[in-house]
Amino acid sequence: QVQLVESGGGLVQPGGSLRLSCTTSARDFSLYEVGWYRQSPGNERDMIASITMGGEAIYADSMKGRFTISRNIPKKTVSLQMNNLKPEDTAVYYCHLLRTKYWGQGTQVTVSS
């Protein structure tokens, strides 16, 4: 059973930054494409970004500019740096091994003054 554990969420003021991390127990971590998603109440779960096996970062059009995805293969971690956060970024953020059934439990991000 593969586990994904997100961390780094919390309460931040508008304009602030957070760095989320996703650590996985998956063997051969570098062979997976890993994505970050988010879901706010009443909305669908949307992809923010993913990082491919080759290390290419892919962003949803609406997420370009303020979010940066990266990975640390030895630590089996994929991170999401979020800058200039806005209240509409408030959501539960999830990581996912693409094309598998494996999701993390989510971490809450709240942007509010």
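Biologist: Is F67 buried or exposed?
Modeller: F67 counts as buried, because its relative accessibility is 3%, where buried means under 20% relative accessible area, exposed means over 50% and partly exposed lies in between, calculated with a 1.4 Å probe and protein chains only. This is a predicted model, in which local features need pLDDT of at least 70 and side-chain atom pairs count only at pLDDT 80 or more, while totals for chains, interfaces and linings use all residues. Residues are numbered from 1 along each chain as its sequence is written, and side-chain values use heavy atoms, with hydrogens and water left out.

Biologist: Where is F67 found, and what does F67 touch?
Modeller: F67 belongs to strand 7, which covers residues 67-72. Setting aside residues up to four places away in sequence, F67 touches R38, I48, Y59, L80, Q81, M82, D89 and Y93, a contact being heavy atoms within 4.5 Å.

Biologist: Which side chains make a polar contact with the side chain of R38?
Modeller: The side chain of R38 makes a polar contact with that of D89 at 2.8 Å and with that of Y93 at 3.0 Å. A polar contact here is a pair of N or O atoms within 3.5 Å; within protein, one must be able to donate a hydrogen and the other to accept it, and residues adjacent in sequence count only if both atoms are side-chain atoms. Leaving out neighbours within four places in sequence, the residues in contact with R38 include E44, D46, M63, F67, D89 and Y93.

Biologist: Switching to the overall fold, how many helices and strands are there?
Modeller: The chain has 0 helices and 10 strands, where helices (H or I, at least four residues) and strands (E, at least two) are DSSP runs numbered from the N terminus. The radius of gyration of the chain is 13 Å, close to the 13 Å that the globule rule gives for 113 residues, so the chain is as compact as a globular protein of that length. That radius is taken over C-alpha atoms, and the rule is 2.2 Å times the number of residues to the power 0.38.

Biologist: And what percentage of the 113 residues count as buried?
Modeller: Of the 113 residues, 42% count as buried, and the C-alpha trace spans about 40 × 25 × 25 Å along its principal axes.

Biologist: Which strand holds T107, and what lies 3.2 Å from its side chain?
Modeller: T107 is in strand 10 (residues 107-111), and a polar atom of its side chain lies 3.2 Å from the backbone nitrogen of G9. T107 is buried, with a relative accessible area of 12%. Beyond four places in sequence, T107 is in contact with residues including E6, L20, A91 and Y93.

Biologist: What about the loops, where are D28 and R99 found?
Modeller: D28 is in the loop between strand 3 (18-24) and strand 4, and R99 is in the loop between strand 9 (91-97) and strand 10. Phi of D28 is near 50 degrees, a positive value in a residue other than glycine, and R99, also not a glycine, has a positive phi of about 65 degrees. D28 is partly exposed, with a relative accessible area of 48%, whereas R99 is exposed at 68%.
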